Amino acid sequence: MKNMLTIISNALCRITGKNAGVQTVSELLIDLSEYVNITSPAVPSMATTQRQPPKPPPVSTRASDTGLVRGQGTGLDSPGARIVVSSRSFADFTPQATFDIKKCEVHRLEEGPPVTAELTREQGLQYYRTMQTVRRMELKADQLYKQKIIRGFCHLYDGQEACAMGIEAAINSTDHLITAYRAHGYTYTRGVSVKHILAELTGRKGGVAKGKGGSMHMYAPQFYGGNGIVGAQVPLGAGIALACQYKGNNQVCVSLYGDGAANQGQIFESFNMAALWKLPCIFICENNKYGMGTSVERASASTDYYRRGDYIPGLRVDGMDVLCVREATKFAADHCRAGKGPILMELQTYRYHGHSMSDPGVSYRTRDEIQEVRTKSDPIAMLKDRMLSNNMAAAEEFKEIDVAIRKEIEEAAQFATLDPEPPLDELCNHIFHNEPPLEVRGTNPWSKLKSIS
Amino acid sequence: MAALSCVVRSGRNAVSRVLRREFHQTAPAAAQVTVRDALNQAMDEEMERDERVFLLGEEVAQYDGAYKVSRGLWKKYGDQRVIDTPITEMGFTGIAVGAAMGGLRPICEFMTFNFSMQAIDQVINSAAKTYYMSAGLQSVPIVFRGPNGASAGVAAQHSQCFAAWYAHCPGLKVLSPWNTEDARGLLKAAIRDDNPVVFLENELMYGVPFELSEEAQSKDFTIPIGKAKIERAGSHVTLVSHSRYVGHCLDAAAVLSKEGVECEVVNLRSIRPLDVDCIESSVMKTNHLVTVEGGWPQFGVGAEICARIMEGPAFNFLDAPVTRVTGVDIPMPYAKILEDNSLPQIKDIIFSVKKTLNI
């Protein structure tokens, strides 16, 4: 098997022109997937999506009789009139389809989010593009970390892309979001380019925080980080929601935390005040089953994280399905904007990497488990399969997107590697805002450094 | 006739007074105002001036404040701007910091700074460090205020001074007012500052009245952060202090004056940034330095002043090592006799001055 992989790897490297030996096995598999479909087709017995194996498109008409997928044709279509031809043009693609999504378990709610979700072709491609960008960006960060170009903490998000994408698709850019340290995905969906994220990870002056923050401290308008202290971001998020309420601007704040943080006292303190004051705060627990190396069963007396808000209504959401996340977040945002107070969502998701780059991630879980999630529940593959099965896009389009993303990531990594480190005279800047320049003591009494705002 | 007396009476304002004098010349409008009322008025005026300013904390609204510092504010401004919180410091401090990140200007009251320890992560890691970590993208305009240090008979868990703890951290400004003018001017400056400010009040000073000049009563009166004030000029020794002990120093100075020792009393006002220049100039004049504080000696405000003096030009002007007068290095006891002997008394200051001057 290893020999075969080496042979294939070398062959691929010759084809793609990349350096041999650089790729990890996982990267290899993903690269291979661009050329060969190596994921298993959706298993019929999988309860989550209630889909049946996709049927090949009928040759004569487009009127679907499966009852599961309802295609909505363009004005050009009339039922029974169109004929599928072998060379596809864009007019042949289904512009919009409705998908069944997993029903959310609810807590203290009469009804939950809808069990179907509409997806247009454009949305689908955009979600795919975003999730794939996050995926590749994280894998690139993995690579750079192993090359010691990134140092310190690096908590990777691959596997959880549907959460970030689904949430972003459901809220407005004027809404607010705060998360913990596994933040690169959100930094991207909230508007920071890959280039500025990678350059921050490598500690260069072109980084979003000029190299002064690092992996856990990236910020953008309406994105409040990136927070290193477990749980501290949740009261901050409730406070941002308070500001929204105070200003009366109909905005909401999404305040994320993990299954490990879910037991923090300050989170319950935040629940209490958010419910008391009806703050427009969506609390979201990204349950990836492990808080560092501790599984949820070993950390929490109750693993029903969506119910832990007690008096706060809750939803348990399939976090691997971008549409499910989107619909649930829309539901939650509507709830908050209606003035009903906070709401809690538990996104059931999974991270492929260990907790951080110093954690191989296999001492507390099996490789089989990781592989099973990869093959059966990968969020990007799921979206792609859905779109292909419903003729919403061609395989070539996805490949083109992948190639473009690969290029973007490579260029960003180049920038992140070559950009200079921040200059030393920036060392003491940004202590205070709107402050006249002040003197800062250096390491010895004769070292008098300057700080400007 | 009236014009002539005007010119005689006041120097600077003479001309302007003559120009705008009315038939009835009003007396200078200085007033006796307690520290509590000064804080109250400062908050009221700043809330009126900027609608983003709001107050949250335990009992600040309907109870009028645990120490009545926020008396009347809830009645005037209502629920949105004066918010009673549950007894959950870590949570409400985080919420206050988040509100500041979200564009408001909160005043977060700790019933005493002892309870801020439960929330200290939010003060340091979420508030103080954020502007730096974000390289200027995210500012946190917030004031943390409340009584600090020893009170009377409240024992060990309610008597700690946090000046040294907070002043240790870059990204924070730490203020410690003594009298009414300090309280008013520094609080207004703190609220208008775009950075996290820790404002250390003193419960025993709340009820003490001081004269507040007309200038200090004006709505835009602020005191620059980072500047100390010389409360009493002297030539033999410099006494540096903050908060309540400034008063102790002035009392000690009055006693020593009778014995021919003239003390220069410096009221720090700001712990961080520390006005080292002011201390140095004074020491270069008097050649002797005694620091007075209520906190514990180790790694405290006095210790920092000693280190700074050694690193600067004033060291060569010292005729004796710097002396620190501090609280006793123990948790605060309850019994009155024990408590009284756990904190600097005026006799301790006098004794220390004499030892320093070798008299």
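A: In this predicted model, Ser295(A) belongs to strand β9 of chain A, which covers residues 294-295. The residue has a relative accessible area of 14% and is therefore buried, since the class requires a value under 20%. Leaving aside residues up to four places away in sequence, Ser295(A) touches Lys289(A) and Tyr290(A). Pro280(A) is 15 residues from Ser295(A) along the chain, and the C-alpha atoms of the two are separated by 31 Å.

Lys289(A), one of the two residues touched by Ser295(A), sits in the loop between β7 (281-287) and β8 (290-291) of chain A. Its relative accessibility is 36%, so Lys289(A) counts as partly exposed. The backbone of Lys289(A) has a positive phi of about 75 degrees, although the residue is not a glycine. Most residues other than glycine have a negative phi, and most peptide bonds are trans.

His430(A) is placed in the loop between α13 (395-418) and β12 (438-441) of chain A, and with 8% relative accessibility it counts as buried. In chain B, the peptide bond that leads from Arg272(B) to Pro273(B) is cis, with omega near 0 degrees. Pro273(B) lies in the loop between β12 (270-272) and α12 (276-286) of chain B.

Of the 10 residues of α4(A), 9 are buried, so the helix is largely enclosed by the rest of the structure. The buried residues are Glu161(A), Ala162(A), Cys163(A), Ala164(A), Met165(A), Gly166(A), Ile167(A), Glu168(A) and Ala170(A). An α-helix has 3.6 residues a turn, so residues three or four places apart point the same way.

Thr189(A) is located in helix α5 (residues 184-189) of chain A, and its contacts beyond four places in sequence are with Thr130(A), Ala164(A), Met165(A) and Glu168(A). Ala164(A), Met165(A) and Glu168(A) are among the buried residues of α4(A). Thr189(A) is itself buried, with a relative accessible area of 12%. A polar atom of the Thr189(A) side chain lies 3.2 Å from the backbone oxygen of Tyr186(A).

The cysteines come next. A disulfide is a covalent bond between the sulfur atoms of two cysteines. The count of disulfides over all chains is 0. Cys324(A) is in no disulfide, and the nearest cysteine sulfur, which belongs to Cys104(A), is 4.4 Å away; the cut-off for such a bond is 2.5 Å. Cys324(A) has 0% relative accessibility and counts as buried. In chain B, Cys161(B) is also in no disulfide, with the nearest cysteine sulfur, that of Cys169(B), at 14 Å. Cys161(B) is buried, with a relative accessible area of 19%.

The account now turns to the contact between the chains. The size of an interface is often given as the accessible area lost when the parts come together. Chain A and chain B bury about 3,500 Å² between them, and 65% of this area is on carbon and sulfur atoms. Tyr219(A), Tyr246(A) and His433(A) supply 21% of the area that chain A buries against chain B, more than any other three residues. In terms of contacts, 37 residues of chain A meet 45 residues of chain B.

Between chain A and chain B, 16 residue pairs are in polar contact, with both residues at pLDDT 80 or more. The side of chain A that touches chain B draws at least two residues from each of α7 (233-247) and α8 (265-277) of chain A. The greatest contribution to that side comes from α7(A), with 10 residues. By class, the side of chain A that touches chain B comprises 20 nonpolar, 11 polar and 6 charged residues. The count of salt bridges between the two chains is 2. In a salt bridge, the side chains of Glu311(B) and Arg441(A) meet at a distance of 2.4 Å, N to O.

Note on methods:
Residues numbered from 1 in each chain as written. Chains lettered and ligands numbered in written order. Predicted model: local features only at pLDDT ≥ 70, side-chain atom pairs only at ≥ 80, totals over all residues. Heavy atoms only, no water. Contact = heavy atoms within 4.5 Å. Buried area = accessible area lost by both parts, 1.4 Å probe. Salt bridge = Lys/Arg side-chain N within 4 Å of Asp/Glu carboxyl O. Polar contact = N/O pair within 3.5 Å; in protein donor to acceptor, adjacent residues only side chain to side chain. Helix = DSSP H or I, 4+ residues; strand = E, 2+ residues; numbered from the N terminus. Nonpolar A, V, L, I, M, F, W, Y, C, P; charged D, E, K, R; others polar. Buried < 20%, exposed > 50% of the residue type's maximum accessible area, 1.4 Å probe, protein only.
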